[in-house]
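We'll start with the whole chain and then zoom in on its parts.

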Amino acid sequence: MSDPTILVLSSLAGGDKHGYAMMEDIERYAGVRLGPGTLYGAITRLEKIGWIAAVKSKDRRQPYAITPSGREHLHDHLTNLGKIARTGLRRLENS
């Protein structure tokens, strides 16, 4: 799974983070290293859609938070992925 949208939303579901912290978190939990262009492109798209929002910063780094609509999208997407994964695994076991 390497969809930057889902990776960023999943990272922010664990708490507010700035870009570099997201890159580190995503690499740690998903084994995927997003380049700065990919990460910040996803952040820009997600902010424009309203699924994440910038929050106040105590320093020069800009943290982001997942919004309620972002949580809803992430939940729906991961639920659907879970159904697909369970079906695929069941079919592998039966073949």
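## The chain as a whole

The accessible surface of the chain comes to about 6200 Å², and 54% of that belongs to carbon and sulfur atoms. Keep in mind that this is a predicted model. Along the principal axes, the C-alpha atoms fill a box of roughly 55 × 25 × 20 Å. Of the 95 residues in the chain, 33% are buried.

You'll find four helices and three strands here. Reading from the N terminus, the elements go α-β-α-α-β-β-α. If you take the contacts between residues at least 6 apart in sequence, 43% of them join residues at least 24 apart.

## The sheet

As a general point, strands of a sheet pair through backbone hydrogen bonds, either parallel or antiparallel.

Now for the pairings themselves. Strand β1 (residues 17-18) is joined to β3 by two bridges, and the two run antiparallel. Histidine 18 has proline 63 as its bridge partner in β3. On the β2 side, three bridges join strand β2 (residues 52-54) to β3, again antiparallel. There, alanine 53 has alanine 65 in β3 as its bridge partner.

What about the faces of strand β3 (residues 63-66)? Both are covered: Pro63 and Ala65 are buried on one side, and Tyr64 and Ile66 are buried on the other.

## Helix α1, wrapped up

Why is α1 called largely enclosed by the rest of the structure? Because eight of its ten residues are buried. Those are Pro4, Thr5, Ile6, Leu7, Val8, Leu9, Ser11 and Leu12.

The cover over these buried residues of α1 includes β1, α2, α3 (36-49), β2, β3 and α4.

## Where α1 meets α4

Two packed helices are described by the angle between their axes and the distance between the axes. For helix α1 (residues 4-13) and helix α4 (residues 68-93), the angle is about 115° and the axes are 10 Å apart. The crossing of α1 and α4 is left-handed.

Which residues do the touching? From α1 come Ile6, Leu9, Ser10 and Ala13, and from α4 come Gly70, Arg71, His73, Leu74, His77 and Leu78. Sorted by class, that contact has five nonpolar, four polar and one charged residues. The general rule for an α-helix is 3.6 residues a turn, so residues three or four places apart point the same way.

Start with aspartate 25, which is found in helix α2 (residues 19-30). Is aspartate 25 buried or exposed? It counts as buried, because its relative accessibility is 15% and the cut-off for buried is under 20%. Leaving aside its neighbours within four places in sequence, aspartate 25 is in contact with Ser11 and Lys17.

Next is glycine 41, found in helix α3. With a relative accessibility of 23%, glycine 41 counts as partly exposed. Glycine 41 and threonine 5 are 36 residues apart in sequence, and their C-alpha atoms are 9.5 Å apart in space. Threonine 5 is one of the buried residues of α1.

Leucine 92 counts as exposed because its relative accessibility is 61%, with the exposed class starting over 50%. How far is leucine 92 from glycine 35? Their C-alpha atoms are separated by 34 Å, and the two residues are 57 apart along the chain.

Technical notes:
Residues are numbered from 1 along each chain as its sequence is written. This is a predicted model: local features need pLDDT of at least 70, side-chain atom pairs count only at pLDDT 80 or more; totals for chains, interfaces and linings use all residues. Side-chain values use heavy atoms; hydrogens and water are left out. Axes are lines fitted to C-alpha atoms, for helices over the stretch in contact, and angles run from 0 to 180 degrees between N-to-C directions. A crossing is left-handed if the near helix is turned anticlockwise from the far one by less than a right angle, and right-handed if clockwise. Contact means heavy atoms within 4.5 Å. Ala, Val, Leu, Ile, Met, Phe, Trp, Tyr, Cys and Pro count as nonpolar, Asp, Glu, Lys and Arg as charged, and the others, Gly among them, as polar. Buried means under 20% relative accessible area, exposed over 50%, partly exposed in between (1.4 Å probe, protein chains only). Two strands pair if DSSP finds at least two bridges between them. Accessible areas come from the Shrake-Rupley method with a 1.4 Å probe; for residues, only the protein chains shown count as cover.
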